[in-house]
Amino acid sequence: MSYNNIRLETDQDGIALVTVSRPEKLNALNRDTMAELADAFTRAREDAAIRALIITGAGEKAFVAGADIQELAVLSAVEARALALRGQAIFRMLETLPKPTAAAVNGFALGGGLELAMSCAIRVATPNAKFGQPEVKLGIVPGYGGTQRLPRLVGRGRAIDLLITGGTIDAAEAYRIGLVNYVTPLEELLPFCRGWVHKALANGPKAVALALEAVDVGLDCGIDEGLRFEAAAFGLTAATEDRNEGTRAFLEKRKAAFAGK
Ligand code: COA
């Protein structure tokens, strides 16, 4: 698939940079853009040469200013439900990618933009970034996971505050409530994200994938089931070459060289 609304560039270290690029519409997610993101996330899952993913928005004003309101305005009930299910599935693909993912939030992250950012493992923001779920101002509710991921990230009370006032918060407040992990100046945003990704990539890839999966599974089941999954994941690592290499390297006082097996 060739892309018109996003760019996918993979560097020599296997870090894929996905840039949503409709700057004249503040990178709003229309149908075509969502289809391209679905394709990019599928590639990121299936291509072993892609080891991590960073997602950002083109221009200096917006990460993504939401789903495309022009398209939303004319949907029937059946079409709107189908659109939400499709968008949820695409973002879930990103959320469950067994590789490190980071949202580089360089401006407005509203509605579907915040939902996209929340589907990444971490969020890094520039000081001018703005976050919110303003859907209620349009007489609709979030459809790409906002009502579910926001309370999981920042807690019920803070999520409800944002969800029913439709208000926006700046990067400092987003950092304070745990919605973003780091705040950096714009010129350092992508280098910082790449640095973070490199830290994760220096570790055992199978272990990183299992840690991501354990958090994902555990947040949606009870503690007992979550702990059972963790024990099984821990057991599985004992069958990997990476466990042997990682523990041996420590005991031999050298840096581990993981093969991802
Ligand atoms: N969907 C479709 N178009 C959008 C959009 C969206 N979510 N967000 C911005 N745009 C378009 C604007 O319509 C405008 O297009 P135009 O130049 O053809 O009129 C262009 O992007 C620039 O936006 P504009 O509103 O002029 O910029 P601004 O700096 O005055 O305001 C925002 C920026 C983000 C506050 C404002 O664009 C906004 O509120 N966007 C909608 C946010 C939202 O409700 N998102 C959730 C959608 S479910």
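The legends below describe close-up views of a predicted model. Local features need pLDDT of at least 70 and side-chain atom pairs count only at pLDDT 80 or more, while totals for chains, interfaces and linings use all residues. Residues are numbered from 1 along each chain as its sequence is written, and side-chain values use heavy atoms, with hydrogens and water left out.

**View 1. An open sheet of four strands with mixed pairing.** The strand order is β4-β6-β8-β9, where strands are DSSP runs of E with at least two residues, helices are runs of H or I with at least four, both numbered from the N terminus, and two strands pair if DSSP finds at least two bridges between them. The edge strands, β4 (62-64) and β9 (168-170), each pair on one side only.

**View 2. The parallel pair β6 and β8.** Three bridges join β6 (residues 108-110) to β8 (residues 130-132), and Ala-109 stands opposite Phe-131 in β8.

**View 3. A salt bridge between Asp-11 and Arg-194.** The N to O distance is 3.9 Å, a salt bridge being a side-chain nitrogen of Lys or Arg within 4 Å of a carboxyl oxygen of Asp or Glu. Asp-11 lies in the loop between β1 (6-10) and β2 (15-20), whereas Arg-194 belongs to helix α8 (residues 186-201), 183 residues apart.

**View 4. A salt bridge between Arg-254 and Glu-245.** Their closest N and O atoms are 2.8 Å apart. Glu-245 is buried at 13% relative accessible area, whereas Arg-254 is partly exposed at 34% (buried means under 20%, exposed over 50%, partly exposed in between, with a 1.4 Å probe and protein chains only).
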